[in-house]
Amino acid sequence: MNMLQACLLLSSALFCIGLVTALSRSNTILVLLGIEIMLNAANLNFIAFWRFSPAGSAPATGVIFVLFSIAVAAAEAAVWLALVIALYRHQQNIRLQEATRLKG
Amino acid sequence: MNLSASSLWLIPALPLLAAAIGALTPRGGRSLASGAAIIAMVGALGLSVAALGTALAHPAAHLTDNFTWFSIGTDAVRLGWLLDPLTAFMAVMVSFVGLLIFIFSLGYMKEDANFTRFFCFLSLFAAAMLGVLVANSLLLVFVCWELVGLASYLLIGFWFHKPSAAAAAKKAFITTRIGDLGLLLGMLWLYHVRGTLLFYDGGNGVLEPSSLALLSHGKIAGGIALSTAIGLLIFCGAIGKSGQFPLHVWLPDAMEGPTPVSALIHAATMVAAGVFLIARVYPLMLADQHLANVSVHALTVVAGIGAITALLGAAIAVGQNDIKRVLAFSTVSQLGYMMLALGVGSWVAAIFHLLTHAFFKALLFLGAGSVIHAAHHEQDMRRLGGLGRRMKITFATFAVGMMALAGVPFLFSGFWSKEGILHAAHAWPVSQLPLIAGLIAVVLTAFYMTRLVAEVFLGSPRSDAASHAHENSPVMTVPLVILAIGAVLLGLIGTPAWPWLQSNLGGVVVPAESIFEGPGLMVLSIVLVCLGLGVGWALYGWRKRRDAFAPDPLAVAMPGVFAALAAKLGFDEFYALTFGRLNQLLAVVADGLDRWVWGGIISGVAWMGEALGTFDREMDESGLNGGFDAASEKLRGVGNAYSRAQTGEAHGYLRTLAVAFVVLALLLLLGGVL
Amino acid sequence: MPLLSFIVFAPWVGAGLLAVLRGAKPAVARGIALAFSLSTLVLGLVVLAGFNPAAPGFQFQESAAWITSLNVHYHLGLDGLSLLLVLLTGIVGPAGLLAAWKQPGSPRAFGILFLILQGSALGVFLALDFFHWFLFWELSLVPVFFLIKLWGGAGAGRAAYQFVIYTLGGSVFMLLGFAAIFAATGTLEFGQLAHLSADGILAGRLSALGHFWPQVVFVGVFLGVAVKVPLFPFHTWLPPAYAEAPVGVSMFLTGVMSKMGVYAFLRILWPIFPGQLHAAAPCLLWLALGGVVLGAFAAMRQTDLKRMIAYSSINHVSYCLLALFAVCAATGHSGISGPAVTAALGGALLQMFNHGLSAAALFFSVGVLESRAGGRRGLDDFGGVRSAAPVFAGLCGIAMFSSIGLPGLNGFVGEFLIFRGVFGLVPWAAAIGCLGLFATAFFYLTFWQRVFHGSRSGAAKGEFADVHGVERVTLIPLIALMIVLGVLPQLLTGLFNPLVTSWVSQIALP
């Protein structure tokens, strides 16, 4: 088992953990944490493929993706924290099951 | 005294001015209105006498003064004044008789609230009538002629609050207008052919030889000369105005007006206008006489109409019970005589009779007015009676008038003028029928006048009104006396012994033989007059009527005939059934055309437009709009269905995401991509 | 000084002023409206003073290029015919406003609409280019619609719609006709079109569009004009419109607007389409006679007095057309009588003016009756009015006899000349037309007998005031004018004699 496979396995595990977290928790913050974990799993994949690809075939592409992804995730976190606070103000808790006002 | 043709307009202008004063005077100004009217008539009389003086100085001349009324394009419509003996004699008669009637009205209309208006209308009438006389243009004659009609309308309807008076006024105007339309057409024709309507215009007038030659030359369809056609159309106007058969029906009804009006308008002057008109255009009427190959001569028709009217009027007068209606039909009959005289070629005899008739008929009407006034407006002779003793002056003057009308020999003017007509009829080469009609009418006239006098003045009073009647004031009796004197003396100027009037009227000296060819006819007519008087006396004078409800002796003797005469031979009913119906029918047709046909077409077009609109709307709503609506309804359903997936639950979405991811991954795996 | 523009636009200026003065008191609004309406008469008299009655052709002309791409000119001009109608408008307009003096509703709005109407009518009489002539012609409909609908009687809505749609319908054909003419000739100026027509160029160019085009265009223009007059049988809009309109508007409609149609016949149709008119004349004569005779007989059956006078208007206006059609029918025949043509055309012009006066006075009189009877105006709603109101009876009687055509009053001269002319041109038509004269007398005297004579009954039974104040001020000048013009027709004929002469000289040429 080479290093790439190990990385991919780790990232898959991370993704599954994130997914399960997002699907199973009712606390909005925890759901969002799960989503962040899934994002990081994807980031790990990018790095792994970049690091273990044949030399010169993909110069720095993976790293750039990841850098962007982290920046976006940070911005996203700011937004979702604001949203969660607004949600709390609105319904006095942050249970995601109860936040169904946007239903069609 | 002299009056030139150029100042002739003053004669009608004076009464016109008085009419204007009367129109503008408020109701209270009684003496102003009547004073102005009477002064104006005195002035007109003076001027007329002056005009007569001028005319008699040149009896054969036609003195004219023509002027332009207005210009139209390069044409000018010209009018003028004409002075000849015919004008002058008529003007003197009209203003003189008019003046007396004006004075009589002072008394007769004293109590009327609209006294000022009455004198305004009377003056208007006098002005228009005098205008007819002095006009030297058929157009001006027509203008004044219509104004005469207006004045007559106003005066007949003077007591307009009475429905019968209002109806009579309308009937008079409408009936005469029928004749006037003929006159208008004749005038238009003449104008078209000759380019002028002036009677005398230094050789260019329509009555002058060059014009007459042209008019009698032209023929129109049916072998009628142009002058005949025009002449007969003009005669239509005379038929209407002079109450000739078949348009005589308005004249008896016109007695609804105040009695002085009946005297002035419907006996003495206005109804004579028709006779005057024919006398005025006599050269035109004569123009076809020399033509042998024409189907009819204008004057033959005139004579025929005149004879029928003379006979018809006299006969109907026999059956009337209203004093004024008897006199009205008598007027119709006498006007028939005049037309007869015109027709048989003696316009001079016609005018002579016109003048004498004006006096004695005005006298009779004013006498009747005096009776009516005294008897509190009782006009039915069956309810009068015995007035001779109570109203001596009225009786005496009325008797004079009656004898003049009946043609009692020698002393009375009516005798001489009637003789003139009968002689002329006798001398007519075409036919003796007019003479026979005239002679029968002589008997009838004497008969009905005897009946009238006997019923009204003799016997005993048959009503309260009659038994309390008193003679009227001098303002009413003096005119009667003056007229009675005239009715006697006027005959003197036209007797065969001294035919002064005849000689001066025509401008040629008339030898006595031409109006008196021998004693035969005169004796015959005297016998006939005596016959009429005698039969009348036998029926009505000998055994006097006891009470108002006793049947008329004639009705006992000949009930059918009397009933027919009393019903005026049914002319009114006949006209109502024919022309009245026709008129209504035309009105209904015209109105119906509008309402149903044209209105229907318009409604049809509108309906079609509306139907198209409705169809269009239906198409839009159910077709086009329906399709769109259905499609958008579908779309909305789809949207609704889809929106059910939007639960708003983030977990649900995530789950779906996850499942979708797994499914995607499986698909890819199974597809062998991974 | 552009006098004619002043005449046309002064009423509009008045309308504008009224529109601006929102808070004006009713009395002020009435005063302003009347003053601007009277401006027509005043300016008309000024023009009359400077008018040279001996000169043929247009005077006081104003011309300016307007829409150069369409060859449209702003062109006003005035000859005897126009002057006559301007003066008539100047008389009937203020009289109509005075008739509406005490009418309910906003006098300001009424004044605005009335002044717009008056200005449009004046524009029609003075414009010499089809473009703005047609604008004026159509613009006149708008105020009439509102005047009838807002101030009219019970059936006013329907009558107003019928009036506007009917006349608009006619005008559409006219507009199309003139569009074709413009396409063919490139000009819309009446004078030039008449010249082109006289030279035969117009017919040639129209034929170039297609074989039937000259006829089609003629029929189109004819329809527009015939509806406006109205010529029998296009007249069915008239009785309801005249009857339902408020009295002042009825006066203007019959006095002035019906003259717009006759004017258009004389100014447009006849000069531009003489050939077609000649060809159609035998048929048109019957239509005019239909108006003369059936109009008068239909009047006999009316129980609404306004409808009766409306029908009498049809009868009277048809006399004008009868004269014109008789001239057209006889045109080109050898031996056509010059004096007859003169009389017919001169009579038609006189009749236009005289009918305007007498019909306006009669409508006004009915208005007086209506005001006393609380809006009723049936033949049977009155009786014995002459006892109650003798002065009114006298004035109304004069107007009535003027309409009957009694000599000595204005109506006679025109009718006599028309009959004299028609008799000289088409004798049988004159003979049939006499029936109309008879029927006119018949129904008017029936009206007089039922309403004025007899004992006081109906609305005249109780309080019935005689004419007073504003009513006298309105009626007496009209009546006085009738008498003056009846005695001195030269006052009017003097204005248009050169015009008539020039018409005759064009026709009577061999």
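Reader: At what angle do helix α14 and α19 of chain C pack, and how far apart are their axes?

Author: Two packed helices are described by the angle between their axes and the distance between the axes. Here, in a predicted model, α14(C) (residues 305–330) and α19(C) pack at an angle of about 160°, with their axes 11 Å apart. Axes are lines fitted to C-alpha atoms, for helices over the stretch in contact, and angles run from 0 to 180 degrees between N-to-C directions. Helices are DSSP runs (H or I, at least four residues), numbered from the N terminus.

Reader: Are α14(C) and α19(C) roughly parallel or roughly antiparallel?

Author: Angles under 35 degrees count as roughly parallel, over 145 as roughly antiparallel, 65 to 115 as roughly perpendicular and the rest as oblique. The packing angle therefore makes α14(C) roughly antiparallel to α19(C).

Reader: Which residues of α14(C) and α19(C) meet?

Author: Two residues are in contact if their C-beta atoms, placed from the backbone, lie within 7 Å. From α14(C) come C:L305, C:M308, C:S312, C:N315, C:L322 and C:A326, and they meet C:A429, C:G433, C:G436, C:T440, C:F443 and C:F447 in α19(C). By class, this contact has seven nonpolar, five polar and no charged residues. Ala, Val, Leu, Ile, Met, Phe, Trp, Tyr, Cys and Pro count as nonpolar, Asp, Glu, Lys and Arg as charged, and the others, Gly among them, as polar.

Reader: Good, now the chains. Which pair of chains has the most contacts?

Author: Of the two pairs of chains that touch, B and C have the most contacts. Chain C brings 44 residues and chain B 40 residues. On the chain C side, α19(C) gives the most, with nine residues. That side has 25 nonpolar, 16 polar and three charged residues.

Reader: And how many residues join chains A and B?

Author: There, 11 residues of chain B are in contact with 11 residues of chain A. Helix α28 (residues 650–670) of chain B gives the most to its side, with five residues. No contact joins chain A and chain C, whose closest C-alpha atoms lie 53 Å apart.

Reader: How is chain C divided into domains?

Author: Into domain 1 (1–244) and domain 2 (273–510), with bounds from an automatic or database domain assignment. Their centres, taken over C-alpha atoms, are separated by 22 Å.

Reader: What should I know about the numbering and the model?

Author: Residues are numbered from 1 along each chain as its sequence is written, while chains are lettered from A and ligands numbered from 1 in the order in which they are written. In this predicted model, local features need pLDDT of at least 70, side-chain atom pairs count only at pLDDT 80 or more, and totals for chains, interfaces and linings use all residues.

Technical notes
Helices (H or I, at least four residues) and strands (E, at least two) are DSSP runs, numbered from the N terminus.
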